[in-house]
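Thanks for coming, everyone. Let's look at the model together, and I'll take you through it piece by piece.

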Amino acid sequence: MNPGDWLAHWWPGLLLGPALLGGALAFVWPRLGFALGQGVALLNALAAVLLVWRVAVGGPLAHAAGGWPAPLGIGLRLDGLAVLMVLAAALVAWAGALNARSYFRAHGQAPEGFWPLWLFLMAALNGLFISADLFNLYVMLELTGLAAVGLVVLGGGTDSLAAALRYLLVGLGGSLCYLLGVGLMYGAYGTVDLPLLASQASGPALGAALALMTAGLFFKAGIFPFHFWLPPAHGGAPAPVSAMLSALVVEAAFYLLMRLWLELAPLSLAELALPVSGVLGSAAVVWGAVNALRAERLKLMIAYSTVSQLGYLFLALPLMPLAGAAIWSGAALLVLSHALAKGALFLGAGTVLNVVGHDRIRGLNGLAQRLPLTVAVFVLAAVSLIGLPPSGGFLAKWLLLNGAIAQGQWWAVAVLLVGSVLAGAYMFRVLGRCFTYGHTGGREPGVALAAQWPAFGLAAAAVALGLAGSWVGALALAGSPFEGDALLGVAP
Amino acid sequence: MTLENWLPALILLSSLLPGLLIFFLAEERHKTRTILNLGGALIKVALVLVMVGGVFAGRSYESRLTLLPGMDLVLNADALSVLLVTLSAGLWLVTTVYAIGYLEDSPHRSRFFGFFSLCVTSAMGVAMAGNMLTFLMFFELLTLSTYPLVVHRGTPEARRAGRIYLAYTLIGGAALLLGVVWLRVLVGPLDFTETGLLADHAGLDPNALRFIFILLVGGMAVKAALVPLHGWLPQAMVAPAPVSALLHAVAVVKAGAFGIVRVVYDVYGVEFSAELGLLAPLAAVAAVTIVYGSVRALYQDSLKKRLAFSTVSQVSYIVLGTAILGPVASVGGMVHLVHQGLMKITLFFCAGNLAETLGIHRVQEMNGVGRRMPYTMAAFTIGALGMIGVPPLAGFVSKWYLAAGGLDAGQGWVVFVLMASSLLNAGYFLPILYRAWFLPASVPWPRERAMPGRFETHWMLLWPPVITAVLVVLAGVLAAAPFSPLEWAQLIARREYGL
Amino acid sequence: MTLSLLYASAGVLLFCLGLFALAVRPHLLHKILALNVAGAGAFLVYLGLAYRGGGAAADPAPQAMVLTGIVVAVSTTALALALALRLGRATGRMELPDGSADR
């Protein structure tokens, strides 16, 4: 058996096994938590890289769990988009794990429960990305939510507790909507397998089911005006957790929406319903950015930036059915570069919090002298979030603009540009402080480089993504509804 | 994998790599940093010379990297890019020497020189960009890498200037991005061609093209400081003198003007732009900017601010030359690209010397400074006279060709604009020269610093302006010699007009 | 068919009631109970849809899904109760604090 075949059979185990097993072991033996966390996070990152290579070379993979094919069994699949999500999650999780040790050292050690929950979250996200079965996706959504809520609580204090509980309640409400939608889907079409549904489903029941599922996912993704739970939860959690939540957990919900609307919904339905997503996305872009500009604490600012950046994705959704390949790749690039940049920002904010003792933006004068590497992280992440070249965020924005202009959707163009300028405003509000002379000493002694390098790696990757755009864009299309389409067309 | 494919990329790397390394250098590693800085600058000059020779001999150089299918990062060397590349490479070398001397003992040098190198890398990228995408990328990178230089002083004033700078350039960048993507949607890959890439596309909606032109030129006009988008430039003079010198002579302002040249000649094509009726408004804006900048300069007491308004005025000569149809005016505009850089960098170096050595920041304080710092003020005088357009200095050549071009194109008003501007130039430069040379010194100087060595100031501060002043003279006197900026500008004009 | 429709409609009704209560009731215990009511409604829809009429055996797949769903609901309820209890002890009130002042 050659290695390629081995991978083709065992890839789900590779993605789920170590994280689940490690999580369980870390729960039983908390003392092993740190070692397990580091080891599994590294292993998971290696597995993700291996699978990216496999999908890029050999095309999408599919697997029927337990040998039961759909409609009875649970289908798993790893196409281009899924493997990119897996990669983003693995990289952020790895960087977070590396950073977590020095982050928590300021408070003694990682709180009990951190490592098991961290590993469960990794497993749940992987499971979510590879599921091709609507009900299994429900279970994975719940697992993700549960692990995420548990991690938010670890922020300690009443605020984190309240934020976590609100997050849990909103998330559960959203999941139930989704669950009911899945029920309708099964009742009407007798299956919950995505590929099967894609070939069969049509009619009013599909619309009703999709509407319910979408409503649920809107809550989970924290899109405006359902974002109220997001800033306190992401801003109040421990920094590595915020990184994971802001970078991936909310985007996972968007990932599902992308699948649902582009693989299941017929064009007529999409054209009818998706403008809602466009409107909400536009509002989110502006609302999030304005609140980020007004935020007084760094972490809250970053959390509001997530609200704004998510808006871009929802804004892109209605453009997708027509401008297919460009927007699909653009959204994939945006998800990926946002995940990397946002993860880096939160990890950097954690370092600031530990070294400076607070994260009030007004008090960050002279940070560039104290923590040059962390400020470099902020700069690189800002480049990608604003969408300045040569970052991944730039290419993504280019593709979205291209799609919007080609379709004559000028409102989307306007929102994209306004959003970029606002992102520049809120990011440089922080950076301007960092470059002011407020601190007379030199570099802060005793800040572990281990705390800063992972964040730097993520931020640099977000920028470098711009140079690998061709490859990422092509990979994102593998196995998608737009496979084989030209990425950048010329308007007729 | 030949030299032809690698040379443009190598020219970029020769400042990019030292820049990245410098970021990670400890503050005390003075010697290593100097070696990296000067080594990079010298290698760059050598590589550029190889390229100039090659382009003159008719070879073409191109480095290409595919970002997305149909979206390539292209660096190449046509005659126009060689003009700016040579200027930037040469002036970077001089400015590096100057900056090392200027920032001696000041804090955060690693950060400064890191961004300084990135800034030059972006300026090089702007110069060698072979299509709009590449141009846009380096144009934005330039915004980003100059921001830390503008706020380098770290004072509230500097931060305010940085904020204003960003507000202007980010919004301008957004307009430019929209224009580029829109045009990309309409006509496909936007590779520059010498007669204009739109020449190959018939039947496009002229109104859309006009609007795109406004977006593109508007986005660049922010950096070129065309009125009314010039507000950031006088604020940005709070930056350290070497930064102002670079900003005004080769990097930011020049990138904007160069971009306008590219759009008019190599994207739209000069004849097609005229056909769409776009050149006349552009010429009008340039003319207004020329006069307005000069008038404002008259009233500035701060020396650097006066120079900044003078830049607002002078850069628009380039735009004016571009906006007048006809090869003669084009020659005037393009040769001014080089001449303005040489003259303005001389003036800013001198202003920096006065500030560093004697603490002089305002024109009022300059009485008798000519006797205290004769070399510096001699260089300043050459730069100022060049700006006024006194023959046989560089500025005279530019103005001569612009005026002749205006007459050639039947637009006599250009001559009046140039005359008014020259009078105003004289109005704000001659009083400075008079004070410096003919009024008694008002000792003690505001804040005199003892400089080591036997010169009037540190040698690393003295030689750069002297060298650039000599170049100003040479560019004027030897204008007809081979390889002079004028000769090269004529070569470009011949190619752009397909003569 | 009508019987199954009756079940399903009742389920939808319960679901809506539950969500409504989740949104408007401030007391945390009420919110958690409301979630459970809504969940029960959703499960009822599944069971109603599983009914195949007459003497035919019910479709087992929705039943399996409901079983899974109940397991999920039990664990989420447990977590929510634990968090609510902790919050109640910390603040003395079984309500979510007003989050609008966050900045």
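Start with burial in chain B: 61% of its 499 residues are buried. Buried means 20 or more other C-beta atoms within 10 Å of the residue's own; 12 or fewer is exposed, in between is partly exposed, and C-beta atoms are placed from the backbone.

Some ground rules. This is a predicted model: local features need pLDDT of at least 70, side-chain atom pairs count only at pLDDT 80 or more, and totals for chains, interfaces and linings use all residues. Residues are numbered from 1 along each chain as its sequence is written, while chains are lettered from A and ligands numbered from 1 in the order in which they are written.

Back to chain B. It has 20 helices and two strands. Those are DSSP runs, numbered from the N terminus: helices are H or I with at least four residues, strands are E with at least two. Chain B's radius of gyration is 21 Å, close to the 23 Å from the globule rule for 499 residues, so chain B is as compact as a globular protein of that length. The radius is taken over C-alpha atoms, and the rule is 2.2 Å times the number of residues to the power 0.38. The C-alpha atoms fill a box of roughly 70 × 55 × 45 Å along the principal axes.

Now one helix. α19 of chain B runs over residues 459-477. Its 19 residues reach 27 Å from first C-alpha to last, close to the 27 Å expected at 1.5 Å a residue. The expected span is 1.5 Å times one less than the number of residues. Its buried residues include B:Leu461, B:Pro464 and B:Val472. What covers the buried residues of α19(B)? Among others, α3 (79-102), α14 (327-358) and α20 (485-496) of chain B.

Next, chain A. Domain 1 is 1-265 and domain 2 is 285-492, with bounds from an automatic or database domain assignment. Their C-alpha centres lie 22 Å apart. Here 43 residues of domain 1 are in contact with 46 of domain 2; contact means C-beta atoms, placed from the backbone, within 7 Å. On the domain 1 side, α10(A) gives the largest share, 15 residues.

Last, between chains. 29 residues of chain A are in contact with 31 residues of chain C. Which helix gives the largest share of chain A's side? α6(A), with 16 residues.

Technical notes:
Two residues are in contact if their C-beta atoms, placed from the backbone, lie within 7 Å.
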